[in-house]
Amino acid sequence: MRVSTKDKVAARAARFEKWSEQEQDSVQAAGRAYSEKLISDICHEKIGLADPSIQPILKKLYNLYLVTVLQENISFFLTNNLITRKGAASLRDDFDTLVKEIAPESLVLADGFGITEEMLSAPIARDWELYNSYDNAGR
């Protein structure tokens with residue numbers, strides 16, 4: 001028995017409806033998770049190939065990325081028992097520690113990643129300690 005063109009079109013429309021309307025959140029979450037894993041895999045590989053003298057700071061940046069991904073998706077990890085409550089609670093401290101360790105190297109990192117002076121033109125981009133030493137009205 002042959003399927004009519006009309007039935008094929010209807011089947012395609014039903015799949016599209018399911019994909020684009022009913023499952024959009026799941027599709028986007030899957031795409032984001034795949035992207036995060038791909039980024040992680042490539043970073044891990046490239047850090048291993050980098051000059052040994054810069055591997056420590058690259059590892060810190062990589063760990064900061066991983067902690068950020070965990071923080072952004074903490075409800076998923078907790079509800080699926082992929083992280084403990086204690087582990088989840090320590091993420092903020094891990095994040096803060098990594099930022100404090102990376103901050104002194106931020107301008108060197110910006111140069112190394114090819115971030116131009118124009119990109120750093122925001123007032124806070126240079127001397128962030130001076131910028132935060134006075135009331136800047138939340139700017």
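What span should the 26 residues of H2 have at 1.5 Å a residue, and how far apart are its end C-alpha atoms? The expected span, taken as 1.5 Å times one less than the number of residues, is 38 Å, and the end C-alpha atoms of H2 lie 38 Å apart, which agrees. Helices here are DSSP runs (H or I, at least four residues), numbered from the N terminus. The model is predicted, so that local features need pLDDT of at least 70 and side-chain atom pairs count only at pLDDT 80 or more, whereas totals for chains, interfaces and linings use all residues. Residues are numbered from 1 along each chain as its sequence is written, and side-chain values use heavy atoms, with hydrogens and water left out.

Helix H2 comprises residues 24-49 and includes Leu 38, which is partly exposed at a relative accessible area of 38% (buried means under 20%, exposed over 50% and partly exposed in between, with a 1.4 Å probe and protein chains only). The buried residues of H2 are Glu 36, Ser 40 and Ile 47, and these buried residues pack against helix H3 (55-72), contact being defined as heavy atoms within 4.5 Å.

A search of the whole structure finds one aromatic pair. This pair, formed by Phe 76 and Phe 77, is edge-to-face, with 5.6 Å centre to centre and 80° between the planes (rings of Phe, Tyr and Trp, the last by its six-membered ring, pair if their centres lie within 6.5 Å, with planes under 30 degrees apart counted as stacked, over 60 as edge-to-face and the rest as tilted). Phe 76 is partly exposed, at 46% relative accessibility.

Note on methods:
Helix = DSSP H or I, 4+ residues; strand = E, 2+ residues; numbered from the N terminus.
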